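Good morning, colleagues. Please look at the model on the screen while I take you through two of its chains, the contact between them, and a few individual residues.

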Amino acid sequence: MDAETPLLEIEDLCLSYYTRAGEIPAVIDFSLSLKAGESVGLVGESGCGKSTVAMGIMRYMGNNGDIVGGSIRFKGRDMASLSTKELRQLRGSEIAMVYQEPMAALNPSLKIETQLIEVPMCHEGISASEARKRAIEILEDVRLPDAEMMLKKYPHQLSGGQQQRVVIAMALLSSPALLLLDEPTTALDVTVEAGIVELIADLSKKYGTALLYISHNLGLILEVCDRVCVMYSGEVIEEGSIKEVFDKPRHPYTHGLFDCIPLPSADKNARPLVPIRGQLPLPHERPKGCNFGPRCDHFEAGLCDAKNIPLEPIDAGASGHQGRCVRWRDVRWGEEKPEATVPAAAASDERGEEVLHVENMQKYYPVHDRSIGAFISRKGVRYVKANETLTFSARRQETVAIVGESGCGKSTFAKVLMGLETATDGKIRFNGHEIGNQSVHDRTPSQLGSLQMVFQNPNDTLNPSISVGGHIARVIRKFGVESDPDKVQERVYKLLDLVKLPRDFATRRPRQLSGGQKQRVGIARAFAGNPAMVVADEPVSALDVSVQAAVTELLMDIQREHGTTLLFISHDLSVVRYLADRIIVMYLGQIMESGTTDEIFSPPYHPYTEALLSAIPIADPHVTKRHIVLEGALPSVLDPPKGCPFNTRCPKKLGDICEREMPPVQKPTEGHGIACHIPLEELRKAEAVIKAAS
Amino acid sequence: MTDRSLIPASTYGNALLRALKSFGLLRESIVGMIGAGLILFWIIVAIFAPLIAPYPPNATIAPFVMPWSTGPDGEFFLLGTDMIGRDILSRIIWGSRTVLLYAPLATLAAYVVGIAMGLAAGYLRGRADDILSRIGDIILSFPVLVLYILIIATIGSSGINIVIAITFASAPGIMRIVRGLVLDLRNRDYVAAAQTRGESSWHIMLVEILPNARGPLIVDACLRLGYVIITIGVLGFLGLGLPPPDPDWGGMINETRSMALAFPHMTVFPCIAISSLILGFNLLADGLREISLRD
Amino acid sequence: MLIFVGKRIGFMILTMVVVSILLFLLLEITPGNVATKVLGPYSSEEQRNLWLEAHGYFEPFYVRYFAWLGNFASGDFGDSVRFKVPVADILWPRLGNTAILGIATFAVMIPLSLILGVLAGMREGSKLDRSISIVSIVTTSVPEFASAVLITAVLVFWLHLLPGTSTMSDGFDILQLILPALVLIIYDFGYVTRMTRASMAEVMTTQYVRTAILKGLPYRRVVMRHALRNALIAPFTVIMLQINWLLSGVIVVEFFFAYKGFGALLLEASLNQDIYLIEACAMVAVFVAVATQTIADVGYTYLNPRIRFS
Amino acid sequence: MSKKSKTNTHSYIPELVSKLRKGEVTRRDFLQTATLLGVSAGAAYTMAGMPAPGRKAHAAAKKGGNLRVSMNVKATDDPATFDWSEKGNVARHVTEPLVRVGEDGLARPYLAESWSASEDLKTWTFNLRKNATWSNGDSFGADDVIHNFRRWLDPNTGSSNQGRFSSMTTTSDTGKKDENGNAIMSTTEAGGALEKIDDHTVRFHLNNADLALPESMADYPALIVHKNFDDEGGDLIKNPVGTGPYALKDFAVGEKATLVRRSDAAWWGGEVNLDRISYIDHGDDPAAQIAALASGQVDTNYQTSIEQVETIKNIPDLNIYERVTAQTGIARMHVTAAPYDNKKLRQAIQACVDHDKMLQIVYRGRGGAAEDHHVSPVHPEYAELPKQTQDYAKAKALLAEAGYADGIDLRIDCVANPAWEQNACKALSEMVKPAGINLAINIMPGGSYWDVWASTPFGFTAWTHRPLGVQVLNLAYRSGVSWNETNYSNPEFDKTLDKAGAILDPNERRVVTRKLQEILQDDAIISQSFWRSVFVTANKRVQGLYAQVALEHHYNDVWLDG
């Protein structure tokens, strides 16, 4: 193999799955070439075939998949020609893989040691002790503390971030030439994600490993890769260097994708999200011609749907920018951005009356420990302090966002608010009534109706055995909005109109709906009782980006129209930046910082906010960002650190005081609060984390 | 509280359509189809027993006639007769009624009780869960057959008593399954949605949770039906079965097995009948599971 | 772990007490007269009353129950009405015989069904898988009493290969063990096989098995090292619970082959409402049930580090 | 077999002999009556001019061997309380009865050497065997016999012999009352009933004539135990002292019983052939027995049920022994319980039954049709009545008269095993159906059935063989007797029965019995379809075996070939 030969060369690869419905092509005519040391990103929404490509490279298609066409050459050798044994020797030593869910990828009943040392032992035939030495080295490389200890553990004893580091270590053990990363950070928290992303970038440099980085997140690709390949419905629709593609997307889908992504550098008024209409076609229902045709604003009948569209070079130059669009020359890119559908900036300054007021709200869950030790030390009952002294308020028509990573207590708060749990202490006043101690059964229908919720998981939010109309109708009746069947029906239709769903959806079953449509029904259901406030718990995080934008926009439109207060719970600061008026940052059950969106996104920052902001992947090459990587894992809620909960990971930790005392809430302005021991002046000195490059 | 208006009228028709469709799904599974075929065969036999059966099931016509031969008075017996002269074929045909009446009845009763207990334990949790689970554990830690024998020996053997005994002994197992499903389903967002609407526990258990647990429950019910058939057979075999003269397959085997050497037909045919029906339910369960795993 | 086992013992005692009271009550309301059973159906009323009085049967229910409970706790299980000997004299030998049958059955069935299950589950949908699945589903569908009849007809009456009953009246005879064990194995191996198959098939589709394959490990190692251990966790529990099942499963087989075991004893005791014998048998049954459940749980914990270390 | 009994010959014997000569009594009647009156079987055969069916070809008998028998092994503790023939079979080889009923159904002296009866049949003198010794070395004598009778007649023993020898008991008021205020009665030994004449002679003084007394002494609970039996634990298994040729070696209830030939002392009866007799319990499952027989695990069995007879025929190594008996099953009604207190209803049920067909269906014709009066053609006093016919028109008419013109639902209780009993019920259920009677069958396990046996309104009861018709009638149909399962009470019947018991002339007795039969048949308290044969299966190498009417095992005479 000479230096010119690409490490991996894929030509016209076609991958199919066989199901009851027949052959389903998952990947069509996929071509890619990857040089040694290069890193290529493969992006696309779920179901576009990007993971299948990785499996195809490994020639691992499971029971029902097959490689039906094209060739894959690795180091010049056609992989199809390899014997089972040769293939086996290639896997794990030459080509390694990192998976989406580290917990699932590790064998639960084997120690980390066993799982690591078997790789070099098998491929290089070295002894166990030598392999063990190698394993320790590599664990240190992936920055896992106390590698010796780590080896003796079982996967479940590690945190998610640690597990993923182990998986990466496992992949790197035999110094592969090519590393396939299949959404390696999707299952992790943002701050942990940032650490892993950085690690991968560093390691690939150190080992000279070529990367194929698969992700749905354009921001991540931007941070890690040299080149990017955008896939849509089984096909590559655009390919090129990061700079070319991000600056000059020349396929309507890529273009649309960028318009869908909220950037933390912009708010809703500056850059409204433009959703892509329609949804991804099912693999066996792909349209003729351009797969994106039915969703494309530039679609031209007779041209776009005539024949298969080939991938053609865009810039004849060396950048290798290619696109799969027949009309790329005709479209005036960047000019005909549709008008923002947003009505003139909402009067966010005119603050309405206070709808919700939370004061020193506390929620503890007792955990019964029945071990002898606990019995002797009389610690039989411990408490999970899910929420500790929450204080904030929300006004009419305002959007308040609660941001935090998993386990920060944001969902618990939602539960208390909704009356599914009652507060341990403190007050929650809603519309003038104290509801903190009122469980859902003690609330009146009108109270219930005026406080409704949109849920996270679209597949879970609707009862599969009740029709769409049934869901909405039930709420209408229950809250006494209407009772006459005809009127109920009429209202159901109106609500479907409101969430932009066809009326005949009323008789459909949730199973027949896509994720975005289900979320729309969820929104219609929440608004059926004319609520004064809607709590939205990560309503779009499980949706694809293009759909996410549409649902986000919809939610905001309806909120504005109805003058509803929106409590938006999210872990995604970009989305929050886009839609929230005020933001509350939570960590381990406590509020770290709260303030208006602008206040949160600019100094002074709470160190945690600062880290969060830095961790957001931003799909905009014109934005620069300070890198702050947090050390350590999220502490357990059962045993939170004393003093400031963030002290174990805080890069700006002062010292003892942080471990001893709860930090005071400092107020740089009225309404902006930072719970930190570091003096305000000190905090003010911080640079802005995100800066738009000039 | 009934919620007829909850679901638009047109969905009632859809329900039937859906049922047909899900049956159509079964076509995808060959084993499932064979199972359904076997069961359907016996159901048809049971329904048309009076038309199909050549003789009354209990009529004592001519003892010890071999299969495919004629009795002294010229009657033809396809499967022969037993030791007191009853036509085996007719008894198997009529016996299908017995088994297809009592087995589903017992299973249904067990399900009603088991589901009620499981819903209560899984949804209400707390003390109800503790008590119900404990009761279930106690019953389950008892060999079932012993339980049947003791119950039947105490309250006497009759169809209803067998149903009671089977209900008593199987309900805890069903409760466990339901409880497990409920523990999973109660965390679904749509349950939370119902809770935030202030729905009663009844509504949540019966409308929001139960219908969505039906998949695994239907599979389990099929397996359990097979097992109940075995149980009824075993009871018949031990002489504690359905009271005669109603034909009961297990009882037929019991009555005739000591003659199996000289007159295998008396025993073998009921053995085939009972095994085929159980096989039908087992295959159907397998098919349904296969399909449910696919989707 | 100790606490767990302690709790289980507590539960066992609770169960035993509840079950024994229920049985006492059940037999109390059962029509019938112990004296009739002891003195024979043709005894006179006077004779029966004299016997009942002599044996304390005119005492109130609870007095008799507590007397029994006290005796039981001190190891005296009372006398069997049916056999007219102390319960312990008959219970332990019978239990031993069933243990022999059980061990023989398990010794064949478990390796057989695990191997078949793993082979089938390893390559789901293969011809081998289909054959094993079909065989196992068919054999589970034939009730013990039917297979016992058929097997006896063929092996004993037609082929004269094996003895037809298993009374072991002239001491232990391995030939006599074959038929009862065979019937039990045929009926039960399918279930364990299917469980193992399902478990194995599921494990083979897990991501960690995929990881192992993509690590380039030899297939043997993937199966033996990565899949098998995880795949055997579920069947282990099933197998442990089969021990409890065996206690009632043997009733039919022991009855059929006149094997002098616990199942046949239990049946006889139940059919004759032999109260102390039933009570003792039930206590044994509860003990076995709870003990196997406990072993299953402990073993499950041991096999599954996810539970062991949390 | 000489004329030992000459001195004691009952005065009626010469008359009987002359009647036989004149052909006024049948040989069978003669043999039966003569032996009961104390004529030895051999002598009786001689008088009747018949060859005595002595134990054939004893010369060919082989010594040694182990006879394996399939039979339920039940607790064999105290012979006095035996309630199953099986128990008697094990014990009989160890402890022996005074009288034995042999293959021909005739009572023969056993531990009693001979007996004689007074003219009025109320005083019976039994001469005991002088050469019999107990296995503990004591010699057998009158004290043992008297001790046994004392035990039997004591209510505390709980022996069914108390009823068997009710002619030696008195019933008195204990002075206590039960919950219902009825006086509690106690039945005890009548004063002076037992008399020891000398060490080997016992005399019994009865309250009433009882021709069947010697037969009663042959029954399985009437095995004679040592006089110290109670003092030594009262348990035959723990302390197996007996006069018989075998000693109990191994005993496990529900499993097995092993008898080995006594080697310590000579048996009074000479020598027995078998070294060992092994009883093996195959549970209640009739199929297991067949399997054991077929695979050569046992040599013979206790009883082969009718359904298996056909099966056994197909197994070449096995022989079936059949014995026509007066064993039967009756569907009996409680005449004091509604609706069975209605005689028309009972008669309607009777009218539905085709006795011959019933015999064919349930018992494959192996036996004889019965006539609803519990006196069998094998009984010496049996009188032939006009044949009954199945008559549905009559049945319907009777039902209508009884007030059930639209039919009636009834239920019969029946024990699960043996199968012929439930089969009889099933066939009965089919037979009564056309008349509009819907008869449900409640099959109960033995344990439950025997609890309700006497009290259920309608139940199916199996009755064993008894040599005399009057014996059964006395046991089951006399007012107030403990086995009177129908609650039948008819003074006229009782009076006639008394009369019958005192008549020695079979012909005269037959006239009276005819009346009894007619009364029973007309009162329709039972539906009795057939008399059944009993069957025993044995391997062909078993010799000297016969099916005894009460399924008793007399293995003292059996040997094994090859």
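This is a predicted model: local features need pLDDT of at least 70, side-chain atom pairs count only at pLDDT 80 or more; totals for chains, interfaces and linings use all residues.

I begin with the fold of chain D. Taking contacts between residues at least 6 apart in sequence, 71% of those in chain D join residues at least 24 apart, where contact means heavy atoms within 4.5 Å. Residues are numbered from 1 along each chain as its sequence is written, chains are lettered from A and ligands numbered from 1 in the order in which they are written, and side-chain values use heavy atoms, with hydrogens and water left out.

Chain D contains 17 helices and 21 strands; these are DSSP runs, helices being H or I of at least four residues and strands E of at least two, numbered from the N terminus. Its C-alpha atoms fill a box of roughly 70 × 60 × 55 Å along the principal axes. Of the 562 residues of chain D, 63% count as buried. Here buried means under 20% relative accessible area, exposed over 50%, and partly exposed in between, with a 1.4 Å probe and protein chains only. Chain D carries 61 positive and 71 negative side chains, and the centres of the two sets lie 5 Å apart; Lys and Arg count as positive, Asp and Glu as negative, and His and the chain ends are not counted. Each charge is placed at NZ of Lys, CZ of Arg, CG of Asp or CD of Glu.

I turn now to chain C. There we find 13 helices and zero strands. The C-alpha trace of chain C spans about 85 × 55 × 30 Å along its principal axes, and 60% of its 310 residues count as buried. For contacts between residues at least 6 apart in sequence, the share joining residues at least 24 apart is 74% in chain C. The mean positions of its 22 positive and 20 negative charges are 22 Å apart.

On the side of chain C, C:Tyr42, C:Glu46 and C:Gln47 supply 21% of the area it buries against chain D, more than any other three residues.

Finally, some local views. In chain B, helix α8 covers residues 189-196, and eight of its eight residues are buried, so the helix is largely enclosed by the rest of the structure. Just after α8(B), B:Gly198 takes a positive phi of about 80°.

In chain A, is A:Arg332 buried or exposed? A:Arg332 is exposed, with a relative accessible area of 57%, and lies in the loop between β12 (322-323) and β13 (354-368). By contrast, A:Ser614, in helix α21 (residues 607-615) of chain A, counts as buried at 4% relative accessibility. Leaving aside residues up to four places away in sequence, A:Ser614 touches A:Lys625, A:Arg626, A:His627, A:Ile628 and A:Val689.

Key
Buried area is the accessible area (1.4 Å probe) that two parts lose on being put together, summed over both.
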